[in-house]
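Have the viewer open and follow along.

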There are 4 protein chains.
Amino acid sequence: MNKRKIAVVITARPSYSRVKTVLKAIQDHPQLELQLIVAASALLERYGSAVNYIEQDGFQIAAKVFNVLEGENLTAAAKTTGIGILELSTVFDNLVPDIVVTVADRFETMATAVSASYMNIPLAHIQGGEVTGNIDEKVRHAITKLADYHFTASENAKQRVIRLGENPDFVFNTGCPSIDIASDIADISPLPFDPYEKYGGVGAKPDLSNGYLVVMQHPVTTEYKDSRKHIEETLTAVAALNIPVLWFWPNVDAGADGTSTGIRSFRESNRLGHVHFFKNMEGGDFLILLNNAIGLIGNSSVGIRECAFLGVPVVNIGSRQHKRDRGYNVTDVGYDKEAILEAVQTIISNPRPQRSGVYGGGTAGKAIAAILSQTDLRFHKTITY
Amino acid sequence: MNKRKIAVVITARPSYSRVKTVLKAIQDHPQLELQLIVAASALLERYGSAVNYIEQDGFQIAAKVFNVLEGENLTAAAKTTGIGILELSTVFDNLVPDIVVTVADRFETMATAVSASYMNIPLAHIQGGEVTGNIDEKVRHAITKLADYHFTASENAKQRVIRLGENPDFVFNTGCPSIDIASDIADISPLPFDPYEKYGGVGAKPDLSNGYLVVMQHPVTTEYKDSRKHIEETLTAVAALNIPVLWFWPNVDAGADGTSTGIRSFRESNRLGHVHFFKNMEGGDFLILLNNAIGLIGNSSVGIRECAFLGVPVVNIGSRQHKRDRGYNVTDVGYDKEAILEAVQTIISNPRPQRSGVYGGGTAGKAIAAILSQTDLRFHKTITY
Amino acid sequence: MNKRKIAVVITARPSYSRVKTVLKAIQDHPQLELQLIVAASALLERYGSAVNYIEQDGFQIAAKVFNVLEGENLTAAAKTTGIGILELSTVFDNLVPDIVVTVADRFETMATAVSASYMNIPLAHIQGGEVTGNIDEKVRHAITKLADYHFTASENAKQRVIRLGENPDFVFNTGCPSIDIASDIADISPLPFDPYEKYGGVGAKPDLSNGYLVVMQHPVTTEYKDSRKHIEETLTAVAALNIPVLWFWPNVDAGADGTSTGIRSFRESNRLGHVHFFKNMEGGDFLILLNNAIGLIGNSSVGIRECAFLGVPVVNIGSRQHKRDRGYNVTDVGYDKEAILEAVQTIISNPRPQRSGVYGGGTAGKAIAAILSQTDLRFHKTITY
Amino acid sequence: MNKRKIAVVITARPSYSRVKTVLKAIQDHPQLELQLIVAASALLERYGSAVNYIEQDGFQIAAKVFNVLEGENLTAAAKTTGIGILELSTVFDNLVPDIVVTVADRFETMATAVSASYMNIPLAHIQGGEVTGNIDEKVRHAITKLADYHFTASENAKQRVIRLGENPDFVFNTGCPSIDIASDIADISPLPFDPYEKYGGVGAKPDLSNGYLVVMQHPVTTEYKDSRKHIEETLTAVAALNIPVLWFWPNVDAGADGTSTGIRSFRESNRLGHVHFFKNMEGGDFLILLNNAIGLIGNSSVGIRECAFLGVPVVNIGSRQHKRDRGYNVTDVGYDKEAILEAVQTIISNPRPQRSGVYGGGTAGKAIAAILSQTDLRFHKTITY
């Protein structure tokens, strides 16, 4: 029997971390063949060279597509998507997958969705149905309308996909695959590696043995003109702390320049003797680092998902995770240094929050692979109302 | 006061016909400035050179974009869309419109929608919310999720857009602008021009004074491998008639080759002494021709919309107009020569059907322009549930 | 030992015919691995689907790239080249060839040359150094300046490449690979197949047993506005003949519409009882057909090259083969029905011309493969003066 | 009378500086209309936002094209060129220029050359015929073979273009337009502005009143893997000096990452109390700065051209300016800290070199505009041998 060929397109470092267990489960499934395509910022050094981790993790790459247009403005985001369609169509034409899988809602994932759906290749979407209120939401729901199978991360998300007119037979709440990894590492402590030694980075090297905070704040597409101002509030708050801080560099996005420039400039004019900056970290290590942290500050989705499962307290800043389902671990604050500082103090003085299964229990990867191996191949659908 | 700049992207001959009154109303509106962009098959001779009609109608073109990739397969459709995004982004970047308008659901209209929404330019969509059950539907609903304003052609369509989670304040049932033109010509008879002389074409030139049928059948994207077989059923049925037939050449679409090849090949091996073939016809003349016809055969949307308003009987073949709202004038049949022939006989022997306002009453163009001039500029939205 | 990977990009039916023996020789060479990339019009049905012949001939295709932009105008030619670069770069990045080979001077071959040379992949050019005086010449010499190895078809061409400042150590007069095939079939007669039966086509089926003429006339890029007028001169001349004529459809090129439209229109209004039209023919069969013909009319390079070797008389029309080296078999005429007719009469009444080795003796394919297997890998060069 | 429309495509900050007087002369010419197109890195903040200077200088921009693909590797350079062709073709199609002008030999200038020549628009090339021995040379000579008019910067370059087979009637040694600006500023001293205040930048702010050195070193495309090692030699040499140093950030090019990373990393681990870093400077100010400097270190072409005219001593490092014509002011050294240091000492202890007219005398802009206004419009050419 021929194996089903499942093409998965990875376009960014965080997407790779999120679906790594899906890739593994597809690769290991006796009836599936993985066709891994690495594109966009996942190939770029500036954004953490996810491609290197992918190769180190033993995945074979079927095709690489460089399609990020420079500019870090909105025009460039649109054009990156256009180039992605142009090239992914050729890749699909040559690889002839049975199903294409696209992940989440980054702008360039639309390229995968358009290419596959236009070519009548059944399209699976991981992580549809969530609500955030920005451009990502337009992208996410538009992809839902192009996709034939939906693997949602929560029950709320599943219900929303169904309300969008999708056939319930093809909407599956598998939980978020990012939780799969979190479920493996949940009990490791203390930190089994030295992050400075293993991941380099720049800045101070404060002693981490008495606790530390992690910061990860990305620019928000619809607010990109303010991204420098926003990051400066966080920088000022962090500067006022006297706890060790491990700060992770932002992803590519329109506005990355504002965020990056803000960080660089602040560093040059302020002493940050307790802060170390990392470009990136292997996903499993990052979760261990979080699990051992006093808390996470910023707007990363890891704070909403993995940290909900792990019970790591999170100070979530601004609109980026707006309206996503939350566990018991999140304190929401605005772009405001005082509010950030106050929320951090509260975290420090309170016990660790309860764990939550809102984003699944650690079996998403295998569940998705199983469905992909059995589901009817379909690319023809109609709205249910 | 500065006028609002409204960019409208026209990518095909039938789209132009459909929204001509919108373009006129924008052009004539004291607070609006029209930025007309002509792209894709609207520029190509093979598909009727809509660009020539646009210029003859006195519209000034702000930019032309050639982006149709050859192949007439699904890969080419995807790539055409990718090139469209790449180039329309540059065009929008240079023209700086306040609102971008995209029309209907042809595959390449996604390019307009992605470019505008990704660039945070408010996006208006004409003719969302309809149901057809093919790739067009994926495209149409995905564009709804990217668009900020919705101008629907019927009340059902409006309700469907709202169910898709759009804010009702920005969903407007203006009726279909194609009806605007139909409302102007409804009473002209007999035929005020000689179609053979005015539009050339090839084949027999049967006398039209005792009535004639019109045929217009496009390939269906999701059935493109069968497009030749499908057209042959219609050809066989038409060959068996003894009424004059005016046949219009299909649009570009994946599968055009099958349809076109089928027609060419049938013509070479069959005498069609009562059939004349046209490449295209100016929209107003085409409606007059339809209004004076015994009926229309095929799968054109004109049979569903304008003919509903005009009360012209239609034999609608196959799945292309599946699930669209219907007036009182449509007989649906499969790809089956017998069924087609029988339906034509029924049309001939029955009185003309009643007119219907299901697709509006002839004021859509002005209504759309008025809303565009007054609505809040928005590009930030969230799903309503 | 690892084999050298040789990527050859085929973009059109005639290019494939020309270098087939090179492909074969690379495939058969113990130290070489062939990476065959099929792109542009070689993939399109409208231009003879070279890809089908390639597969039938047993070559494995490493990648297909659809990149022909519609329009058949000069803008489309430029854009086709741009898309080609964009996509071939990805293909090369994924295939990692040691040497890339590009053929001749069609506009889109520039895409291969730019991608390879910009990526520091050693670039070999087959058929540089020829003179024709049109856009092809700009392309050809520009590619020479990008290429690292040069395989010319004649001694004159070799000398010209050297005068262009190329290092003589890397300029090889191997002869034209198209002659390799001609050298194999030179003695076959009478026609060992029925062309009507084997290749279909349309039009009359005149008896070929008492001799026939072959016509093949392509549009000329720099004269594309006149292509219809030019083809009509030939059509009128051919209509006046009373010898069987086998007419081959033109390639894609800016202006194909004029040539094609001219032929279609002439056919509709003139009886051509002695003319049969073919879309294409397998290269070996075509040479046999030519070798058995009274002569060839048109502007195909086959008249200049293969027919020189075979000694088939040629009436060469217009500027397309201007300044190329000639054997003893060519009569040059302008776009003038009288002159064409007169030249045909002269051919008929004269003995078959002498054979010429100006374009090589039939070993080009093997010679090129041998050099590719041994030459230093280089992509760094400087002009010699 | 209609003015001739002259489209000039500017793709990088240094190209703008170089041809500013040409743009001015075209703009001021009564028979010419300037169509200025700004593309590629000229639009990007990372590379000095040339577009801002262009607008400040009062030029109106007809179109902007973002086409730089990220990656800073060779694949990205090729793809940037492909996107450039795709989009510039649309721009030319919409602007309908009479002549297109392209500048020098940066990789992406090939896009301008291919688009214009393929569209039969007469193409003028500024600064052909020079010899450098790297990928720039392939690009430069290939553009010569696509161009119809040649404006060379020196007599040697003119002779080389003619040897490349170009018609001498269309090859003009106008001198380099960069000298036009240098001829205006030649006598200004002392520094009429405070560079720290006017241009910001980072690092130390040494007192400049007793002399200073300027450094500008770009990565070399064909050596991009070594660019970090190369820059470190220069950094080490500079670190050992005790004279004020003004260091300018490199252009975009494959390898920019190596150069930039090298500089950033060196700065973090070394005290450079006498070095200030600038991102960019307006061209006129930069020349004043150079003219008042003790000397220039690096591999910028400004050292070869403007500094030859001004008589500013230059330590020219490595292969980037290899084989270009030199005045009396250049000391060539390898990528070797000792050699760099020694050459700097020699400059300091020797009198200022004599001025040279090898790159023209300051009238290139006007000469080029005059020729563009009078020359025959031609796009059809053939090699002269």
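A nonpolar core here means a set of buried Ala, Val, Leu, Ile, Met, Phe, Trp, Tyr and Cys residues joined through C-beta atoms within 7 Å. Bear in mind that this is a predicted model.

Q: How many residues are in the largest nonpolar core?
A: The residues with the most contacts inside this core are Leu290(A), Leu290(B), Leu290(C) and Leu290(D). The largest nonpolar core has 508 residues.

Q: Which residues is Leu290(A) in contact with, leaving aside neighbours within four places in sequence?
A: Contact here means C-beta atoms within 7 Å. On that basis, and with the sequence neighbours set aside, the partners of Leu290(A) are Val214(A), Leu296(A), Val302(A), Glu306(A), Cys307(A), Leu310(A) and Val312(A).

Q: Why is helix α11 of chain C largely enclosed by the rest of the structure?
A: Look at residues 283-291 of chain C, which form α11. Among the buried ones are Phe286(C), Leu287(C) and Leu290(C). The helix is largely enclosed because the buried residues number seven of the nine.

Q: Which helix gives the most to the side of chain B that touches chain A?
A: The contact takes 38 residues from chain B and 37 residues from chain A. On the chain B side, α3, α4, α5 and α6 each supply at least two residues. With twelve residues, the top contributor is α3(B).

Q: Are α5(A) and α5(B) roughly parallel or roughly antiparallel to each other?
A: Their axes are 8 Å apart and the packing angle is about 165°. The contact includes Lys138, His141 and Ala142 from each of chains A and B, and by class it has four nonpolar, two polar and four charged residues. Angles over 145 degrees count as roughly antiparallel, so α5(A) and α5(B) are roughly antiparallel.

Q: Is Ala40(A) buried or exposed?
A: Ala40(A) sits in the loop between β2 and α2 of chain A, and its phi is near 55°, a positive value in a residue other than glycine. The cut-off for burial is 20 or more other C-beta atoms within 10 Å. Ala40(A) has 29 of them, so it counts as buried.

Q: What does Asn120(C) count as, judged by its C-beta neighbours inside 10 Å?
A: You'll find Asn120(C) in the loop between α4 and β5 of chain C, with phi near 60°, positive although the residue isn't glycine. Buried needs 20 or more neighbours and exposed 12 or fewer. Asn120(C) has 16, so the label is partly exposed.

Conventions. Residues numbered from 1 in each chain as written. Chains lettered and ligands numbered in written order. Predicted model: local features only at pLDDT ≥ 70, side-chain atom pairs only at ≥ 80, totals over all residues. Axes fitted to C-alpha atoms, helices over the stretch in contact; angles between N-to-C directions. Parallel < 35°, antiparallel > 145°, perpendicular 65-115°, else oblique. Nonpolar A, V, L, I, M, F, W, Y, C, P; charged D, E, K, R; others polar.
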